[in-house]
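Reader: I have a few "how do you know" questions about this model. Please set each value against its cut-off.

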Amino acid sequence: MPVSVQELYELSAEYEGKHDPRKLDELGNVLTSLDPGDSIVITKSFLNMLNLANLAEEVQIAYRRRIKLKKGDFADENSAATESDIEETLKRLVVQLKKSPAEVFDALKNQTVDLVLTAHPTQSVRRSLLQKHGRIRNCLAQLYAKDITPDDKQELDEALQREIQAAFRTDEIRRTPPTPQDEMRAGMSYFHETIWKGVPKFLRRVDTALKNIGISERVPYNAPLIQFSSWMGGDRDGNPRVTPEVTRDVCLLARMMAANLYYSQIEDLMFELSMWRCNDELRERADEFHRSSKKDAAKHYIVPLTIKK
């Protein structure tokens with residue numbers, strides 16, 4: 001009789017609770033007796049459970065952080081070491097290490113964190129799964145809302161069930177090796193889903209934290225606190241598929257994706273900045289920019305690049 005996922009889960013949980021070596025031997029015997037088909041189902045089930053546990057933990061940490069901020073202190077002293085934020089760090093520099101706010105501000109605006117994006121066929125998570133995990137995370141976060149109604153909770157529960165079932169039925173393994181262009185698209189999905197909105201939100205929190213220690217000046221826009229680099233499409237160390245032509249294609253692809261992000265943001269600004277009154281200086285600059293954009297409109301096109309070998 002084939003063993004079920006629930007039985008294996010209960011057996012492993014029993015060993016985790018009692019640390020009985022006999023239970024570990026029993027678990028090992030059951031696992032080694034599985035045929036290849038059952039092994040795949042069992043492995044996939046436990047992998048999905050671990051992913052869901054990680055998502056739930058992320059949402060719980062974010063919830064504890066909000067509770068801490070509302071109370072002005074840590075909700076749980078045991079989690080204080082893992083829940084520090086930028087404001088607490090700056091206050092610690094000023095209060096405990098006796099650094100002046102001006103020193104902190106000068107040091108902050110003269111440093112850069114460079115995050116390098118890379119991709120490996122055996123390590124990258126498929127975009128379809130990333131999007132499903134994002135929707136699951138959003139559903140879990142909405143369940144913490146205080147004004148949630150019974151109907152809202154039922155709809156969120158149903159949405160969670162749909163997303164979890166869809167994630168379970170999604171293949172985690174790529175059946176064809178990704179091209180460097182595919183790796184770039186997968187890497188850019190992080191910008192679409194997280195980085196594009198997350199980094200400005202973080203920078204606004206930095207400005208708020210500086211204001212709370214007595215700095216009224218914002219971090220200059222040309223101070224790159226966070227910047228991004230990429231190996232995707234440019235790593236030629238042992239990868240014969242990365243050629244000069246591939247690097248050119250990947251660079252053009254990244255530029256077009258970035259242009260689309262900026263274009264959508266400009267469209268949003270058109271509705272946000274809907275004021276029709278302005279001073280003469282701003283009106284003159286706007287008219288000048290409008291005339292120059294119409295004059296040079298024909299010049300803005302992509303020219304094929306030629307890379308000499």
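Author: Start with a rule for helices. The expected span of a helix is 1.5 Å times one less than its number of residues. Keep in mind that this is a predicted model.

Reader: What makes the reach of H1 close to the expected one?

Author: H1 covers residues 5-18, which gives 14 residues. From its first C-alpha to its last, H1 reaches 20 Å, and the expected value is 20 Å. After H1 comes His19, with a positive phi near 55°.

Reader: How many helices and strands does the protein have, and in what order do the elements run?

Author: There are 10 helices and 2 strands. From the N terminus the order is α-α-α-α-α-β-α-α-α-β-α-α. Of the 309 residues, 22% count as buried. The protein exposes about 22,900 Å², and carbon and sulfur atoms supply 55% of that area.

Reader: Why is the contact between Asp20 and Arg22 called a salt bridge?

Author: The cut-off is 4 Å between a side-chain nitrogen of Lys or Arg and a carboxyl oxygen of Asp or Glu. Asp20 and Arg22 meet at 3.2 Å, N to O. That is within 4 Å, so the pair qualifies. A search of the whole structure finds 12 salt bridges.

Reader: Are Asp20 and Arg22 buried or exposed, and how do you know?

Author: Buried means under 20% relative accessible area, and exposed means over 50%. Asp20 has 17%, so Asp20 counts as buried. Arg22 has 64%, so Arg22 is exposed.

Reader: What makes Glu163 and Arg135 a salt bridge?

Author: Their closest N and O atoms are 3.0 Å apart, and the limit is 4 Å. The pair links distant parts of the chain, 28 residues apart. Glu163 sits in helix H7 (residues 150-168), while Arg135 sits in helix H6 (residues 127-142). Glu163 counts as buried because its relative accessibility is 15%. Arg135, at 36%, is partly exposed.

Reader: Which residues are linked in a network of salt bridges?

Author: The network links Glu14, Lys18, Lys23 and Glu26.

Reader: How do you know that Lys44 is buried, and what does Lys44 touch?

Author: Lys44 has a relative accessible area of 17%. That is under 20%, so Lys44 is buried. Lys44 is found in helix H3 (residues 36-71). Leaving out residues up to four places away in sequence, Lys44 touches Phe168, Arg169, Thr170, Asp171 and Glu172.

Reader: How much space lies in the largest pocket, and which residues are closest to its centre?

Author: The largest pocket holds about 1,700 Å³ of space. It is lined by 41 residues, and the closest to its centre are Arg137, Thr194, Gly198, Lys201 and Arg205. The elements that give two or more residues to the lining are H3, helix H4 (86-95), H6 and H8. H8 supplies the largest share, 14 residues.

Terms used: Residues numbered from 1 in each chain as written. Predicted model: local features only at pLDDT ≥ 70, side-chain atom pairs only at ≥ 80, totals over all residues. Heavy atoms only, no water. Helix = DSSP H or I, 4+ residues; strand = E, 2+ residues; numbered from the N terminus. Buried < 20%, exposed > 50% of the residue type's maximum accessible area, 1.4 Å probe, protein only. Areas by Shrake-Rupley, 256 points an atom, 1.4 Å probe, with all protein chains shown as cover. Contact = heavy atoms within 4.5 Å. 1 Å grid on protein atoms, 1.4 Å probe; cavity = no way out; pocket = protein on both sides within 12 Å on 5 of 7 lines; lining within 4 Å. Points joined across faces, edges and corners; volume = space filled by probe spheres on them.
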